[in-house]
Every structure is written in C-alpha cells, then in structure tokens.
Amino acid sequence: MAGGLRKASKTAANATTVDLVAVLVAVTDGEPKIMTIANAGALPSGPFEFTHRSLQTGLRAWVEAQTGHPLGYVEQLYTFADRGRGGDAKSPHSISISYLGLTREDQVGQGFEAHWSGWYDYFPWEDQRSGLPAALAKTLSSRLRAWSKSADTASLQRERWQRVAITFGLDEREWNEELVLQRYELLYEAGLIPEAVRDGASGTSVIPGRPMTGDHRRILATGIARLRAKIKYRPVVFELMPAEFTLLQLQRSVEALAGRLVHKQNFRRLIEQQQLVEETGAIAADTVGRPAKLFRFRHGVLAERAVAGTKLPLSRT
C-alpha cells in the first residue's frame, strides 16, 4: 500500500500540464489594451484537452468561452516551460503555449469575466511617449543600481550594471523599445517585481506595475515585444484600426504600441511612399481645427501583408 502511494505521488510530481494562453491586443483612443480575466490578473487561458482538434482550436475555444470574443488574426508566440515560475512548487509542471491576437475593442457581453485593461498598467516603464515620470525613473535607476552593487565581486557588479544600462537605456544609451521581455526578466532576477517575490526572491521593495498570475506578465511582455518588432516591417497595425481613420489616428496607434513617438512628417511620407492607405473622400466629423481627411487601408494590403513592410520611423521626437 505504501509503495503504491509513493508511486502515485511520484507520478503526480512528474505530471505535466499544457496551458494555452492568449495575448489579445486592441488599440482604443491611442491606448493599447489587452483582454484580461480574473479581475485583470490573468490572460485568457485554459488547458489543452484531448477533445481539442489542435492547439489553436483549443485556444479559440477557451478565449470565446471566457470572453465571448471570437479570435481573428492569431499567431503563436512562444512556449514557456520553466520550472519555479508559477508560484506553486507542488503543482504539476506546466507548459504554457502562448499566442498573439490582434483585434478591435468591443464591449464585453454580460456573463463573461473578461475585461479590457491598459497594457501600460502592467509595464509603466515601457511607455516612453512623454518620457518616464521622474519618480518612476528615479526608483528604477536607484533600485537597479543597488542590485548591481549587491553582487559579490567588482567584476560581477560591473557586468550587472552594464546589463541594466543597455536594457533600460541608461548612461546615455539608446532606449530599445523591443527589449520588453529582457527588461521584465532583469527586474525578475533583481527581485523587484511581485512575481519574483512570490517565487521566492528575497527582495521586498518592488516597483510599480500590476502583477499577474503565474507567468502571464512574462507572456504579455513577449507579446508586446513581438508586436513592437512586427509593426516596423509588416502592416499588422491595420488589424487594430477601424475601417476608416485619419493619419493622425494611425500615427497615434503606432506610437501607443511602440511606447515612443514617431516623426510626423517622416511617418506620413513613408505611409504615402508605401501606398498603404487611400483616401475615402470623406472628412472626419469630430476633429478639432483643420478638417482631417479619412483614409482606409488599400484593398491590396490585405493580400500583400505577408511581404509588404511598413518600416515605421520611430524616434524620440
């Protein structure tokens, strides 16, 4: 009997579950949003079951069941299988297969637990459009410097600070908007976010930023990084835009996703050169000041998006 219990316990300890996780993104009024569940503490997700015909079929089923929102454009992000990142060492080993979906925000129907949340609530340091608030910038710099100095040797201290400076654009280094995951992982390693403390880190002085269950904020960081890279070479942003829009609305959406400003004249020149949009002949009714023309993405963009590139000019100006 005892041997049977030990065997069952060992089997449970070696069990592996597969979770399907969706990073579902929309942009509304110039702000990037993500679909969340569990009081905005988790991404839509659920286990892969034998009744699911495929991984993506399973993902779509869970997202629709939890949010009432059918998935449109979706692509696989990454597979996460690290032990010790879920907050419960006694739980079965979990593999998370993540997907990125692009959509437009609509009202969540009654009876669903889903909620649209601003993604900068989870990553306030990623919004560089107006520069970081002085208090957050000071907190980040001071706590990361303290972590760097806590290393055992001078060489390791220098190595840590070099990583910090490169990743966070300090010491006159350029900010790289695509290093979202690297910044999150560095903060996790330094014990400066709630997930690290939950998973056993000794740090107790965490920085602002809403935590998520399990490894979901890490998965969200991966999704943000992927999208920031993609908008530079593929016109995926049209998936997030209404049918008709002004060029300023398009620019603001790109800036919202990138967390940085773009050069207005260069942006418009590049949009025109690549013939991504066409005029509708209508004028936006709700603009202030000079009337703004309404545009739509050219019909051909839908067929060309696999090979066409936006190459959007990101800058600090």
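The predicted model has a mean pLDDT of 85 over the chain, and 85% of the residues reach 70 or more; pLDDT is the predictor's confidence in each residue, from 0 to 100. Confidence is lowest in helix 1 (residues 2–13), with a mean of 45, and highest in helix 4 (residues 154–168), with a mean of 97. Helices (H or I, at least four residues) and strands (E, at least two) are DSSP runs, numbered from the N terminus. Values of pLDDT stay under 50 over residues 1–12, for which the model has zero contacts beyond four places in sequence. They also stay under 50 over residues 306–310, for which the model has 15 such contacts, a contact being defined by heavy atoms within 4.5 Å. Where pLDDT is low, the predicted coordinates should not be read in detail.

Residues are numbered from 1 along each chain as its sequence is written, and side-chain values use heavy atoms, with hydrogens and water left out. As the model is predicted, local features need pLDDT of at least 70 and side-chain atom pairs count only at pLDDT 80 or more, while totals for chains, interfaces and linings use all residues.

The structure holds six aromatic pairs. Rings of Phe, Tyr and Trp (its six-membered ring) pair if their centres lie within 6.5 Å; planes under 30 degrees apart count as stacked, over 60 as edge-to-face and the rest as tilted. One of the pairs, F123 with Y184, is edge-to-face, at 6.1 Å centre to centre and 70° between the planes. F123 lies in the loop between strand 6 (115–118) and helix 3 (134–149) and Y184 in helix 5 (residues 180–189), so this pair ties together parts that are 61 residues apart in sequence. F123 and Y184 are both buried, where buried means under 20% relative accessible area, exposed over 50% and partly exposed in between (1.4 Å probe, protein chains only). Together with W125, F123 and Y184 form one aromatic cluster.

F245 and F297 form a tilted pair, with 5.1 Å centre to centre and 50° between the planes. Since F245 lies in the loop between helix 7 (216–230) and helix 8 (247–258) and F297 in strand 8 (residues 293–297), the pair ties together parts that are 52 residues apart in sequence. F245 counts as buried at 0% relative accessibility, and F297 counts as buried at 14%.

The charged end of R217 is placed over the ring of F123, 5.8 Å from its centre, and R183 lies over the face of W175, at 3.8 Å from the ring centre.

Y122 is found in the loop between strand 6 and helix 3 and is buried, with a relative accessible area of 0%. Beyond four places in sequence, its contacts include I34, S117, P211, R217 and L220. The C-alpha atoms of Y122 and P208 are 8.3 Å apart, although 86 residues separate them along the chain.

W116 belongs to strand 6 and counts as buried at 9% relative accessibility. The C-alpha atoms of W116 and A26, 90 residues apart along the chain, are separated by 8.7 Å. Among the residues that W116 contacts beyond four places in sequence are A26, M35, H69 and D106. The side chain of W116 reaches the backbone oxygen of D106 at 3.1 Å.

Key: A charge sits over a ring if NZ of Lys or CZ of Arg is within 6 Å of the ring centre and within 35 degrees of the ring normal. A polar contact is a pair of N or O atoms within 3.5 Å; within protein, one must be able to donate a hydrogen and the other to accept it, and residues adjacent in sequence count only if both atoms are side-chain atoms.
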